[in-house]
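The following exercises are to be worked through with the structure in view. Each task is followed by a solution in steps.

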Amino acid sequence: MVKEVHKHQVIIVGGGMAGLRAALESCDQGVDTVVLSQVHPIRSHSGSAQGGINAPLANAPEGKDDSWERHAFDTVKGSDFLADQDAVEIMTKEASARIIELEHMGAPFSRTDEGKIAQRPFGGAGFPRTCYASDKTGHVIMQALYEQLVRRQVKVYAEYFVVALAAEGDTCRGLVALNILSGELETFEADAIIFTTGGAGRIYARSSNAIINTGSGMAVAYQAGVPLKDMEFIQFHPTSLLDSNILMTEGARGEGGYLVNNKGERFMERYAAKAMELAPRDIVSRSIQTEIDQGRGFEGGYVHLDLRHLGREKILERLPGIRDIAMNFAGVDPILQPIPIQPAQHYTMGGIDCNADAETLLKGLLTAGECACVSVHGANRLGGNSLLDTVVFGQRAGKKAAQYVQNKHPRAAAEKALNEALAKAEKKINALAEGQTSEPTFQLRSELGETMTNNVGIFRDKGPMTEAVQKIKDLKRRYQGCRLTYKGKKFNLDLVRTLELEGCLQVAEVIAQGALARQESRGSHTRLDFPTRDDANWLKHTLAYFTADGPQMKYKPVIITRWQPEARKY
Amino acid sequence: MATTELKVQEKQAVSAVTMKVFRFDPEKDKTSRYDTFQVPVRPGMSVLETLFEVLDKQDSSLAFRYACRGAVCGSCAMYINGSYRLACETQLSSLGSKEITVGPLPHLPVIRDLVVDMAPFFEKYDRVMPYLKTQSEPPEKERLQSPKQRKAINEAIDCILCSCCYSACPMTWTHKEYLGPSALNKAYRFVADSRDEATAERLKVVSGEDGVWCCHTIFNCVEACPKKINQTDAIEILRRKTVSQKLKFWKR
């Protein structure tokens with residue numbers, strides 16, 4: 001029997017940029033809205049975003065001819081033509097309004113001499129289009145959104161981890177979440193739920209992502225029957241700090257930074273002679289990895305990001321954050337020394353399948369941000385487009401959810417669905433608490449990370465990927481023997497991390513199997529055995545459906561409105 | 001292609017540290033204690049990574065907060081070898097000791113082990129109207145702000161709300177209602193923002209007995225801040241503005 005049920009009209013799961021933007025919108029539509037998050041919202045990974053957010057404001061003199069059409073074309077070309085062009089049009093048309101709105105909320109962007117929002121060049125973009133606040137753009141936007149949340153007194157359930165969704169037929173009616181502080185399961189009834197749970201980077205051993213980015217929301221939606229789309233498209237950021245893999249923003253190259261190998265060459269000349277360091281991320285990551293693999297990297301597997309020629313003043317003004325990080329985490333001062341960098345997993349282009357109104361297959365379940373796949377990023381996301389995605393589709397999700405709850409159409413009864421979901425969640429947690437563990441969970445987590453980084457990384461091939469799929473199946477089997485070694489209630493990290501691991505395994509399986517199935521190279525998905533793009537057979541989205549035996553793959557066409565696929569050169 | 005294999009094997013441990021970690025569950029334990037762990041150290045290892053090493057391999061009951069591990073989210077503020085630090089950016093090698101003592105942020109209620117109740121901190125945040133307030137109609141485009149005007153808030157906006165300063169401030173220990181350095185820095189951030197139009201209202205909020213006059217300019221906050229923000233300076237400017245506003249009132 002359900003003990004106490006929290007009832008709200010709209011529950012937003014995830015307190016990052018998409019979640020907070022959705023919450024403000026839903027609240028402003030006059031709907032009872034709450035945010036539920038694994039961490040306090042301000043701790044969300046969106047705050048780590050550095051370089052900026054794209055909009056064709058045309059504030060920079062070189063960008064005076066920028067337009068939403070040019071932004072859209074750059075995005076579509078950057079996506080290697082896998083993005084749905086109708087969704088890209090929406091994103092780029094709404095971009096400027098969303099950025100201006102952030103500024104009006106109080107986000108302190110850097111400024112041009114005329115006092116307008118400053119914009120810098122970014123990879124794959126025809127114009128300086130990336131609005132920024134030095135190299136702390138995510139931080140300042142998150143602060144501004146959270147400030148607005150406080151202003152509206154939106155209730156926050158902080159430190160709650162979603163274990164299961166409650167669905168009655170094809171309608172989502174609520175969720176069950178672990179209150180991390182108390183260790184108790186709590187039940188939430190809602191007319192609409194928006195998943196804004198972020199990415200899945202920590203499936204990889206080498207990732208720029210926060211430790212909390214485990215794809216848990218994707219896994220919950222997937223197991224509730226909602227397909228995951230295009231998960232094989234994983235972005236590897238070219239420049240993460242050696243070993244710790246903390247992001248060194250693309251803005252460093254946007255401001256004029258060089259990539260240099262062990263021979264002192266600006267090697268991008270060989271791979272993208274025109275765009276050089278500002279080619280899109282998939283191309284730069286492949287180039288760096290090739291240099292390292294062919295012996296032109298440095299011992300330990302890295303190349304240099306050299307900012308010294310920018311001078312002290314510019315580094316302190318535009319890139320103070322990464323300078324601090326380089327000094328504190330690698331003992332390198334970019335004013336005096338080149339930064340040791342290597343590519344690392346950075347972003348999941350794929351995610352929970354949804355339309356441009358954020359709706360999923362399950363009625364009343366919406367999604368936005370990195371955990372969602374509209375798709376606007378296709379096979380490769382352009383830098384500066386992820387924050388834009390969060391505010392454009394976060395706003396749309398909040399609006400749509402509010403409309404959905406305000407429509408008085410009959411909804412399925414919630415009680416049965418909530419009871420079932422609670423029983424399922426209790427069973428799962430009780431099972432984890434019974435008996436002795438067959439092996440420690442960190443062992444599985446680390447084997448999974450190594451498998452994904454080594455076998456489903458930047459360069460892919462049938463053999464290693466087949467091994468990865470087998471390995472993940474084996475890890476899933478071994479997970480069945482895993483039990484908690486700490487069984488206390490309050491703030492049980494063993495429990496949270498063991499639940500996360502189950503989701504990681506599910507999502508990893510979708511990534512590896514989707515990658516193995518896709519017999520072409522497109523954007524971030526680079527196959528040595530299928531080195532070219534194959535539009536005839538593969539200009540389509542992957543949809544992975546959950547089954548007990550692993551994902552079942554289906555495909556659906558890409559929406560093309562005005563830009564026919566062409567060769568992608570930079 | 002020579003090889004695409006990335007070497008993600010863990011680096012070999014080169015030495016070990018003795019970690020003394022604060023343990024306490026107020027619902028179960030009468031008193032707190034420090035547990036001692038011997039942890040193998042790899043080059044470049046941080047205090048946060050060391051805690052994960054303990055959690056994974058020695059004691060899965062340990063409780064601590066974490067998220068970004070890149071010194072921007074403010075989750076892992078702790079009391080490390082007598083200093084207020086972010087565990088993620090504190091390299092073991094920087095501590096100059098083979099013995100490391102880790103405790104929760106002092107003067108905040110302990111939930112369990114290194115996890116403290118941040119509610120008192122965020123309540124103060126909520127009280128200072130922590131959002132841009134304007135009366136004028138917003139323009140169609142952005143509100144203009146010169147680079148110089150923007151520079152005035154450059155330091156104040158760096159705050160990651162980790163609570164190191166709040167925990168370090170002796171005035172918050174004795175005067176429970178004191179807004180504290182972080183919330184006052186937030187108030188200052190808007191007073192100093194050329195776009196904000198609520199200075200008078202803000203000064204009223206911070207000039208009460210729980211506000212700027214509580215500060216005894218001890219500078220603990222400045223020393224504790226991982227982002228090197230000078231909150232004491234911000235408080236000092238708010239004081240001067242408060243005084244000049246009162247003078248203006250009497251001169252009317």
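Two residues are in contact if their C-beta atoms, placed from the backbone, lie within 7 Å. The model is predicted: local features need pLDDT of at least 70, side-chain atom pairs count only at pLDDT 80 or more, and totals for chains, interfaces and linings use all residues. Residues are numbered from 1 along each chain as its sequence is written, while chains are lettered from A and ligands numbered from 1 in the order in which they are written.

**Exercise 1.** Determine how many residues the contact takes from chain A and from chain B.

*Solution.* Step 1: chain A contributes 55 residues and chain B contributes 46 residues. Step 2: the elements of chain A that give two or more residues to this side are α3 (85–105), α4 (137–151), α9 (320–330), α12 (441–455) and α14 (493–517); helices (H or I, at least four residues) and strands (E, at least two) are DSSP runs, numbered from the N terminus. Step 3: α4(A) supplies the largest share, six residues.

**Exercise 2.** Describe how α12(A) and α14(A) are placed relative to each other.

*Solution.* Step 1: the axes come within 11 Å and cross at roughly 30°. Axes are lines fitted to C-alpha atoms, for helices over the stretch in contact, and angles run from 0 to 180 degrees between N-to-C directions. Step 2: α12(A) is therefore roughly parallel to α14(A), as angles under 35 degrees count as roughly parallel. Step 3: from α12(A), A:T441, A:L444, A:R445, A:L448 and A:M452 take part, and they meet A:R497, A:T498, A:L501, A:C504, A:L505 and A:A508 of α14(A). Step 4: this contact has seven nonpolar, two polar and two charged residues. Ala, Val, Leu, Ile, Met, Phe, Trp, Tyr, Cys and Pro count as nonpolar, Asp, Glu, Lys and Arg as charged, and the others, Gly among them, as polar.

**Exercise 3.** State which strands stand at the edges of the sheet in chain A.

*Solution.* Step 1: the open sheet has three strands in the order β3-β5-β4 (chain A), with antiparallel pairing; two strands pair if DSSP finds at least two bridges between them. Step 2: β3 (53–54) and β4 (119–120) of chain A each have a single partner strand, so they stand at the edges, with one side of each left without a neighbour in the sheet. Step 3: β4(A) is joined by two bridges to β5 (residues 130–131) of chain A. Step 4: A:R120 lies opposite A:T130 in β5(A).

Conventions:
Angles under 35 degrees count as roughly parallel, over 145 as roughly antiparallel, 65 to 115 as roughly perpendicular and the rest as oblique.
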